[in-house]
Amino acid sequence: MLALVVDDSRAMRSIVKKIVAAEGYAVLEAGDGVAALAVLDASAEVPSVALLDWNMPEMNGFDLLQAVRAQPRYSAMRVVMITTETELEFMGRALEAGADEYLMKPFDGAALRGKLALIGLAAA
Ligand SMILES: [Mg+2]
């Protein structure tokens, strides 16, 4: 199982990475949307799930979501948007654009595992 973790905060990436690694995932990571698309293109395996921070430089999580949903190669990749309360009002748009779930910062391992379980990607 492979997960993609995209966040401009290295500290946040390492927190998310630790949680999903404990669920048995190998992890790809990137610090913005442009870098994430390059990482995806370079990976022979399509991740089962992408965890996308909303607020990032270069290309934000919403634009990245739209970019991956425009590519058939990633149609089976589930997407969890990770957001602060500031972007919460835009989550409806993200779900319409193809996000599977969203998670609000701050969160703990149990909350993230719960979201993965909801989309069938972790034990409940
Ligand atoms: Mg951010």
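This dialogue walks through how to read several features of the structure above.

Visitor: What kind of model is this, and how are residues numbered?

Guide: This is a predicted model, in which local features need pLDDT of at least 70 and side-chain atom pairs count only at pLDDT 80 or more, while totals for chains, interfaces and linings use all residues. Residues are numbered from 1 along each chain as its sequence is written.

Visitor: At what angle do helix α2 and helix α3 pack?

Guide: Helices (H or I, at least four residues) and strands (E, at least two) are DSSP runs, numbered from the N terminus. Axes are lines fitted to C-alpha atoms, for helices over the stretch in contact, and angles run from 0 to 180 degrees between N-to-C directions. Here α2 (residues 33-42) and α3 (residues 61-69) pack at about 30°, with their axes 9 Å apart, which means that α2 is roughly parallel to α3 (angles under 35 degrees count as roughly parallel, over 145 as roughly antiparallel, 65 to 115 as roughly perpendicular and the rest as oblique).

Visitor: Which residues make the contact between α2 and α3?

Guide: Two residues are in contact if their C-beta atoms, placed from the backbone, lie within 7 Å. Gly33, Ala36 and Leu37 contribute from α2, and Gly61, Asp63, Leu64 and Ala67 from α3.

Visitor: Which residues have the most contacts inside the largest nonpolar core?

Guide: A nonpolar core is a set of buried Ala, Val, Leu, Ile, Met, Phe, Trp, Tyr and Cys residues joined through C-beta atoms within 7 Å. A residue is buried if 20 or more other C-beta atoms lie within 10 Å of its own, exposed if 12 or fewer, and partly exposed in between, with C-beta atoms placed from the backbone. The largest core has 32 residues, and those with the most contacts inside it are Val6, Ala50, Leu51, Leu52, Leu65 and Met81.

Visitor: Is Leu51 buried or exposed?

Guide: Leu51, which lies in strand β3, is buried because 29 other C-beta atoms lie within 10 Å. Not counting residues up to four places away in sequence, Leu51 touches Ala3, Val5, Val6, Val16, Val80 and Ile82.

Visitor: Where is Glu58, and what is its phi?

Guide: Glu58 is in the loop between β3 and α3, and has a positive phi of about 70° although it is not a glycine. Glu58 counts as partly exposed because it has 14 C-beta neighbours inside 10 Å.

Visitor: Which residues does a cis peptide bond join?

Guide: The cis bond joins Lys105 and Pro106, with omega about -5°, and Pro106 is found in the loop between β5 (101-104) and α5.
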